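Subject: Structure handover

Hello,

Here is the structure you asked about. My notes follow below it.

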Amino acid sequence: MTFYVENETEGDFPFPLEETIDRVIQKALSVEECPYEAEINVLITDSAGIREYNENYRGIPKETDVLSFPFVDYECPGDFSIAVSDKNNYFHPETGELLLGDIILCKERIFSQAEEYGHSVLREFAYLLVHSVLHLLGYDHMEPDAEQQMQMHQDKIMEELSIRR
């Protein structure tokens, strides 16, 4: 697996950032039975940065905690057959890795939500990362049934990571 991390923010996280990203993404892809090596880009930005991305790409001029930009056009969540049928569009031509997409996380929201929900910054970071990886795998939460399904997958991955509230 390849992941690229860009951190536009000042200060450190209270855990090893790249090791944590690797561990969380690897676990999410394993639990979701992704049959390919994958590539994911992760950007960590501040409130102003994520507000700008949210407005530019979604037309929503407000801050959020995480944005996900999947590269694969899934017919069903976690169904990789579309990628196999169009390898030229979905796989990196040099590495052969499945191009899953981009994740943008807001550092300030990670810290504030951890405090608000009464759990660690690590737990909030991992949860948002898992949530976003599931979006990159085609999951959504726009309808109640889809939201419940996505929540079950998030909970299972977080349990397997042994990162609890």
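The buried residues of α5 (107–117) are covered by elements that include β2 (38–45), β4 (98–106) and α6 (121–136). Contact here means heavy atoms within 4.5 Å. Helices (H or I, at least four residues) and strands (E, at least two) are DSSP runs, numbered from the N terminus. This is a predicted model: local features need pLDDT of at least 70, side-chain atom pairs count only at pLDDT 80 or more, and totals for chains, interfaces and linings use all residues. Residues are numbered from 1 along each chain as its sequence is written, and side-chain values use heavy atoms, with hydrogens and water left out.

Which residues of α5 are buried? They are Lys107, Ile110, Gln113 and Ala114. Buried means under 20% relative accessible area, exposed over 50%, partly exposed in between (1.4 Å probe, protein chains only). Seen down the axis of α5, the buried residues fall within an arc of 135 degrees, so they line one face of the helix. That arc is taken from the directions from the helix axis to the C-beta atoms. Glu115 and Glu116 are exposed, on the face of α5 turned away from its buried side. Gly118 follows α5 and has a positive phi, near 75 degrees.

Next, the strands. Eight of the nine residues of β4 are buried, so β4 is largely enclosed by the rest of the structure. β2 and β4 run parallel, joined by eight bridges. Leu43 has Ile104 of β4 as its bridge partner. β3 (66–70) pairs with β4 in the antiparallel sense, over five bridges. There, Pro70 is partnered with Gly101 of β4. Strands count as paired if DSSP finds at least two bridges between them.

Now the largest pocket. It holds about 410 Å³ of space. Of its 16 lining residues, Arg58, Thr64, Val66, Leu67 and His141 are the closest to its centre. α2 (47–58), β3 and α6 each give two or more residues to the lining. The largest share, three residues, comes from β3. For the method: on a 1 Å grid over the protein atoms alone, a pocket is an open set of points where a 1.4 Å probe fits, with protein on both sides within 12 Å along at least five of seven lines; lining residues have an atom within 4 Å of a point. Volume is the space filled by probe spheres set on the points, which are joined across faces, edges and corners.

Last, a backbone item. Glu33, in the loop between α1 (17–31) and β2, has a positive phi near 55 degrees.

Best wishes
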